[in-house]
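My notes follow in the order I worked.

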Amino acid sequence: MKDLHRGPPRQAGNRRINVQTRWITQKLDNFDEDNNATWKDRILINDNNFKKGSPIFIYLGGEWEVKPEDITSGHLVDLAKNYKGVVITTEHRFFGQSIPIRPLSAENLKYQSVNQALADVNNIIKVLKQEDKYKTSKVVISGCSYSATMAVLFKKLYPDVAVGSWASSAPLQAKVDFKDYMKVVGQAIKELAGDYCYDLIDNATAYYEDLFKNGKGDQAKQELNLCSNFNAEDERDQWQIFSTIANVFAGLAQYQKPENYDLAKYCSVLRSFSSDDSVALSKFVQWRLDYPACVNTRYQGTVDYYKWAMDNYDGSGLAWTYQTCSEFGWFQSSGSSKQPFGSTFPATLYTDQCHDVFGEDFTGEDIQGYIDATNNEFGGIHQNIGNLYMTHGGLDPWSKVGAGQAQGATIIPQASHCSDLGSISATDRPGLTAAKVKLEKLVRDWLK
């Protein structure tokens, strides 16, 4: 489940720019007037080009620790500079250094939700606009991935607070079995690296699946260099290893840049390990995992890790895992036959982990109910929001739960996840350049 947490693509930061840290007092529960508990929320501020009354550009933090480089370079920073604006990034509750309450038990994580996080952002803006230099400043919101989901929903729930919102690769339709994710990963491999690469992965995966099915799990265990505690007879351990293999490739596809031929280069490395498909796959996975002594991927190990993290917060994706269980799902399964990663990691792998980590309120039926409630409350991909700009990469796996052209989104051909965050560059493909230029024009209109 930790593999589902892939942070945003980060630009190369400008160390010459001074970034300030501020702590904003937030309510633990923004919707309970009787709960007076508070906590400190971290925000980072780049006001190097700011002129009093100029716009506030906010890059929403998502399921990651915010860092200075998030607001020292990139397209949003360039826009802010053009308008002598300030750039701020907000750290989402229960991530990074912004932990409202400990331990991170299921009881305390009930305060972790997108609604609570959006109310936190609204409060940050209220606090800032009490200051003389920001009183007349207009606000532009932006986000990437889950924080792009927040950018959409913030404009929906607080329409008068921000003049416009840019959502790069926003997943909007909550879904338990997100089988189309791996389908798009496979499509990206086939389209950008070639059939030979897709077939190599497909053949190698089928080989290992056959070993497990035919009672040769110990052989598969040895050839994949799995740790001794991996139980070759345990179905859920098998789910875990095939999910891990798929996620190694998904991480590459999610942030590939077609102009750099990233996937083709990785597939050349994959082939270089061996002329035998199964050997090449095993060695490639170990290379991407930084050559561990053995590959430690067990179902119970994942559950135990998250239970440990409740009392020993180490920057893990525990709080994000809770949100996937309680609000969004997005469990990336092998449910589609049109992908090269086999059929051995169902969504049940993740719903079972939700139950075993967070308790009896997270049965499969419960989780489906939470996901349905999210879609009923927020409307999924069907949004009718003014001054909202949504973009998706044409080969972004997350685009399958995001708005399409029919819903007003701009689709960037062959691009991946949050591909338009960087500054306009001569190496950008035409579709990427056009998407960034369109945002410039929209921001100009929003700030009139």
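Predicted model: local features only at pLDDT ≥ 70, side-chain atom pairs only at ≥ 80, totals over all residues.

Entry 1: I counted eight cavities of 30 Å³ or more. I picked the second largest cavity, which holds about 60 Å³ of space. Which residues line the second largest cavity? I found Thr149, Leu153, Leu172, Ala174, Phe328, Thr374, Phe378, Gly380 and Gln383. Helices α3 and α13 (364–378) each supply at least two residues of that lining. By type I sorted the lining into five nonpolar, four polar and no charged residues.

**Entry 2: an open space.** I turned to the second largest pocket. Its volume came out at about 410 Å³. I found 26 residues in its lining. Lys257, Glu259, Ser419, Asp428 and Leu432 lie nearest the centre of this pocket. Which helix gives the largest share of the lining of the second largest pocket? I traced that share, three residues, to α14 (residues 430–446). The lining of this pocket divides into nine nonpolar, 11 polar and six charged residues.

**Entry 3: the cores.** Next I looked up the nonpolar cores. The largest has 114 residues. Within it, Ile141, Ile189, Phe249, Leu318, Phe341 and Phe358 have the most contacts. Helix α7 (residues 235–254) gives this core its largest share, 10 residues. I also logged a second, separate core of 26 residues, with Leu44, Trp64, Val140 and Trp166 among them. The background I kept in mind is that nonpolar side chains tend to be buried together in soluble globular proteins.

I then took Ile189 from the largest core and listed its contacts. Beyond four places in sequence, Ile189 touches Gly194, Cys197, Tyr198, Ile201, Phe249, Leu263, Cys267 and Phe341. Phe249 and Phe341 are also on the list of residues with the most contacts inside that core.

**Entry 4: Ser147.** I placed Ser147 in helix α3 (residues 146–157). Is Ser147 buried or exposed? Its relative accessibility is 0%, so I count Ser147 as buried. Which residues does Ser147 contact beyond four places in sequence? I listed Tyr59, Leu60, Gly61, Gly62 and Trp64. Trp64 is also a member of the second core. The C-alpha atoms of Ser147 and Gly62 are 4.6 Å apart, although the two residues are 85 residues apart along the chain. The side chain of Ser147 reaches the backbone oxygen of Leu60 at 3.0 Å.

**Entry 5: Ser165.** Another serine came next. Ser165 sits in strand β6 (residues 164–168). With 1% relative accessibility, under the 20% limit, Ser165 is therefore buried. Where does the polar side chain of Ser165 find a backbone oxygen? I found that of Ala151, 2.7 Å from a polar atom of the side chain. Not counting residues up to four places away, Ser165 touches Ile141, Ala151, Val152, Lys155, Asn387, Leu388, Tyr389 and Trp446. I had already met Ile141 among the residues with the most contacts in the largest core.

**Entry 6: Gln286.** I went to helix α9 (residues 277–288), where Gln286 is found. Gln286 has a relative accessible area of 14%, so I marked this residue as buried. Its side chain makes a polar contact with the side chain of Ser282 at 3.0 Å. Leaving aside neighbours within four places, Gln286 is in contact with Leu224, Asn225, Tyr291, Pro292 and Val295.

**Entry 7: backbone checks.** A cis peptide bond joins Arg102 and Pro103, with omega about -5°. Pro103 lies in the loop between β4 (86–90) and α2 (114–128). Phe94 is placed in the loop between β4 and α2. Phe94 is not a glycine, yet I read a positive phi of about 70°. Phe94 counts as buried because its relative accessibility is 0%. Cys418, in the loop between β10 (410–412) and α14, also has a positive phi, near 55°. At 3% relative accessibility, I count Cys418 as buried.

Definitions and conventions. Residues numbered from 1 in each chain as written. Heavy atoms only, no water. Core = buried A, V, L, I, M, F, W, Y, C linked by side-chain atoms within 4.5 Å. Buried < 20%, exposed > 50% of the residue type's maximum accessible area, 1.4 Å probe, protein only. Helix = DSSP H or I, 4+ residues; strand = E, 2+ residues; numbered from the N terminus. Contact = heavy atoms within 4.5 Å. 1 Å grid on protein atoms, 1.4 Å probe; cavity = no way out; pocket = protein on both sides within 12 Å on 5 of 7 lines; lining within 4 Å. Points joined across faces, edges and corners; volume = space filled by probe spheres on them. Nonpolar A, V, L, I, M, F, W, Y, C, P; charged D, E, K, R; others polar. Polar contact = N/O pair within 3.5 Å; in protein donor to acceptor, adjacent residues only side chain to side chain.
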